[in-house]
Structures are given as C-alpha cells and as structure tokens.
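Here is a short report on one structure.

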Amino acid sequence: MLTTLAALDAAADHTARAGLLLPWANVAVETELARLGLRHTVFHHARLVPASRTTAIDASFWHGLREASAQALDSLAHIPLDAVMLACTSAGFTDGPPLPSGVFTAFDALVQALNEAAVADVVLVTPYPAPVTEAEAAALADAGVEVLAHASLGLADGYPEVTPEQILALVGQLPEDAVGSAEAVVLSCTGWHTLPVITDLEHRFGKPVLSSNLAMALLATRARAGVGS
C-alpha cells in the first residue's frame, strides 16, 4: 500500500489539496501523513471540537464531530480543495447528523481503497471497544467487504499511546486461517500510530496492510479537482 501511494503521488500532474477535519485531540494524523514523504499531495487541517468537549468515543463524541464539521470546513473556504475528509473512522459507520455535502469520512476512504485494490475479504484490527469493532465489521460487510476475523484493544480513548508492540501483539491474536485467507489486513482508526508496523506486517503476511491514515492519503492522491470542495 505504501508503494502504491508513492507511485500515485509521483505520477500526479498537479498538486492535490485535501482538507482534513480533525478530532481535536488527534495527533496521529498530522504525524503520520507528514512522514509519508508525499511531494504532490498537501493536507490542510481544521480541528473539530465536539460540544461535549470529550475525547473518548461515544455517541456524543461522534455527533459532536459531525455537528462541528460545517464550521471547520468554512475555515478552509479560501483553499482550493480537491477533497475533504472527516479524519475519524468510527464517525463514518455510526449514526449522527449529516455531514456537509461532499465530505468523506476516513471510513469512506478505507472502503474506497479496498475497492480500488479489488479486496473483498479482510481481517480487521482496531483499538476500539468490541461493540464498535463489531459495528465496523458489519458496515464493511454492507459495503461488500467481508471481515473474516477481527481483534480489538477495547479502548475508548488514549489511542496515541498505543505502542507498535501492542499493535503487533493484537494482530497476533487473529486466527491464522483467517489471516491466511484474507486479501488484506485493515488497521482501523486515525488516532493510533500504525505507520511503524505496516511494512513489517506486509512482509510477514505477504499481503497489503491498510490503515485509516494511509487510506485517507490514497483518497487524496486520487482526488480530482473539485471533488469535495
């Protein structure tokens, strides 16, 4: 997936500009996207503060992000954007107020990246509580992507503190037969730092590993002028 991203960025004939609407405590998105080394893809950030002023994922958090999106998007109004994304995966497969027209979510980016790669079967790894992970597996199934197995840390908050070793151990909890049958490994959530483990896992399993942040970068590099603006 990293090779695909680099090739798309290198082949671009214009600079793609993506607006990212970030949950206010998310530090992983800016950290990881800056380390991808993209030359023709630029990310412009606006932070979302939910009315609850909380950081743990729950209905009030997801709804608050969605409600704050219109004002955050307005702060980017003078930038010629090719795409706009709400940089939260779980807000994309849970309910809440509608987003401004043309705004994608990180979950949308995951689905698009899997479709572009013709991936129909995955294993899913998240830091979320089990019910949220199960809801994502169901949403992926609704989008035509079967989740053969999933594993989660059971956390509602504190995602930036999850270590690469914890992620690798979590992936190790997946059934071997499911990993062997899957066409890709999905590391869902924009808030944890997955970039350090992607190459390791791809070499270990011999198949693509897709994170939420990588999926957003892929969507941005594929953006056409005017999409989401």
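How much space lies in the largest cavity? The answer is about 40 Å³. This is a predicted model. The structure holds 1 cavity of 30 Å³ or more.

**The cavity**

Nine names make up the lining. They are Glu32, Leu33, Leu36, Thr194, Leu195, Ile198, Ser211, Asn213 and Leu214. By class, the lining of the largest cavity has 5 nonpolar, 3 polar and 1 charged residues.

The largest pocket has a volume of about 250 Å³. Its lining has 19 residues, and the closest to the pocket centre are Asn26, Thr55, Phe61, Tyr159 and Gly191. Sorted by class, the lining of the largest pocket holds 10 nonpolar, 8 polar and 1 charged residues.

The table sets out the geometry of two packed pairs.

| Pair | Axis distance | Angle |
|---|---|---|
| H1 (residues 2-11) and H9 (residues 212-222) | within 9 Å | roughly 25 degrees |
| H4 (residues 106-116) and H5 (residues 130-142) | 11 Å | about 45 degrees |

Start with H1 and H9. Their axes cross at roughly 25 degrees. Angles under 35 degrees count as roughly parallel, so H1 and H9 are roughly parallel to each other. The crossing of H1 past H9 is left-handed. On the H1 side, the contact is made by Leu2, Thr4, Leu5, Leu8 and Asp9. On the H9 side, Leu214, Ala217, Leu218, Thr221 and Arg222 take part. This contact of H1 with H9 has 6 nonpolar, 2 polar and 2 charged residues. Leu214 of H9 belongs to this contact, and Leu214 also lines the largest cavity.

Now take H4 and H5. Which is the crossing of H4 and H5, left-handed or right-handed? The crossing is right-handed. The two helices pack at an angle of about 45 degrees, which makes H4 oblique to H5. From H4, the contact draws on Phe107, Leu110, Val111 and Leu114. From H5 come Glu136, Ala139 and Leu140. By class, the contact of H4 with H5 divides into 6 nonpolar, no polar and 1 charged residues.

Terms used. Residues numbered from 1 in each chain as written. Predicted model: local features only at pLDDT ≥ 70, side-chain atom pairs only at ≥ 80, totals over all residues. Heavy atoms only, no water. Axes fitted to C-alpha atoms, helices over the stretch in contact; angles between N-to-C directions. Helix = DSSP H or I, 4+ residues; strand = E, 2+ residues; numbered from the N terminus. Parallel < 35°, antiparallel > 145°, perpendicular 65-115°, else oblique. Left-handed = near helix turned anticlockwise from the far one by under 90°. Contact = heavy atoms within 4.5 Å. Nonpolar A, V, L, I, M, F, W, Y, C, P; charged D, E, K, R; others polar. 1 Å grid on protein atoms, 1.4 Å probe; cavity = no way out; pocket = protein on both sides within 12 Å on 5 of 7 lines; lining within 4 Å. Points joined across faces, edges and corners; volume = space filled by probe spheres on them.
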